[in-house]
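Here are my notes for anyone opening this structure without having seen it before. Have a look at the sequence and the model, then go through the points in order.

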Amino acid sequence: NDALLITEVKSALAQDGVAKDSPIIVDCDHGKILLSGVMKSAEDAKRAGNIAARAPGVVAVRNQLTWH
């Protein structure tokens, strides 16, 4: 269920705190997560992608996060 996966990923990102000051848009299509938004650093963007990939049921992550 894509809606459930979106909730799982958003929850995992919130628990980690990586998205605290940088809102991340999470979308999902058939288990494939799409992340978009602007992060503080490349490290944060990569970390968010890794967190999303570890969520149960996620089959792929397209990380389109940028940073400034």
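1. Ground rules. This is a predicted model, in which local features need pLDDT of at least 70 and side-chain atom pairs count only at pLDDT 80 or more, while totals for chains, interfaces and linings use all residues. Residues are numbered from 1 along each chain as its sequence is written, and side-chain values use heavy atoms, with hydrogens and water left out.

2. The helix pair. Two packed helices are described by the angle between their axes and the distance between the axes. Here the axes of α1 and α2 come within 9 Å and cross at roughly 130°. That makes α1 oblique to α2 (angles under 35 degrees count as roughly parallel, over 145 as roughly antiparallel, 65 to 115 as roughly perpendicular and the rest as oblique). Axes are lines fitted to C-alpha atoms, for helices over the stretch in contact, and angles run from 0 to 180 degrees between N-to-C directions. Helices (H or I, at least four residues) and strands (E, at least two) are DSSP runs, numbered from the N terminus.

3. Who meets whom. On the α1 side, Val9, Ala12, Leu13 and Asp16 meet Arg47, Ala48, Ile51 and Ala52 of α2; contact means heavy atoms within 4.5 Å.

4. Which residue meets Asp16 in a salt bridge? Arg47 does, with 2.6 Å from N to O. This pair links distant parts of the chain, as Asp16 sits in helix α1 (residues 2-16) and Arg47 in helix α2 (residues 42-54), 31 residues apart. A salt bridge is a side-chain nitrogen of Lys or Arg within 4 Å of a carboxyl oxygen of Asp or Glu, and the count comes to 3 salt bridges.

5. Through shared partners, salt bridges join Asp16, Asp44 and Arg47 into one network. Asp44 counts as buried at 16% relative accessibility, while Asp16 is partly exposed at 36% and Arg47 is partly exposed at 36%. Buried means under 20% relative accessible area, exposed over 50%, partly exposed in between (1.4 Å probe, protein chains only).

6. Loop to loop. Lys40 forms a salt bridge with Asp21, with 3.0 Å between the closest N and O atoms. Lys40 is in the loop between β2 (32-39) and α2, and Asp21 is in the loop between α1 and β1 (25-29), 19 residues apart. Lys40 is partly exposed, at 48%.

7. The core. How many residues are in the largest nonpolar core? There are 18, and those with the most contacts inside it include Val9, Leu13 and Val26. A nonpolar core is a set of buried Ala, Val, Leu, Ile, Met, Phe, Trp, Tyr and Cys residues joined through side-chain atoms within 4.5 Å. α1, β1, β2 and α2 are the elements giving two or more residues to this core.

8. A loop residue to check. Pro56 lies in the loop between α2 and β3 (60-67) and is exposed, at 58%. Not counting residues up to four places away in sequence, Pro56 touches Leu5 and Glu8.
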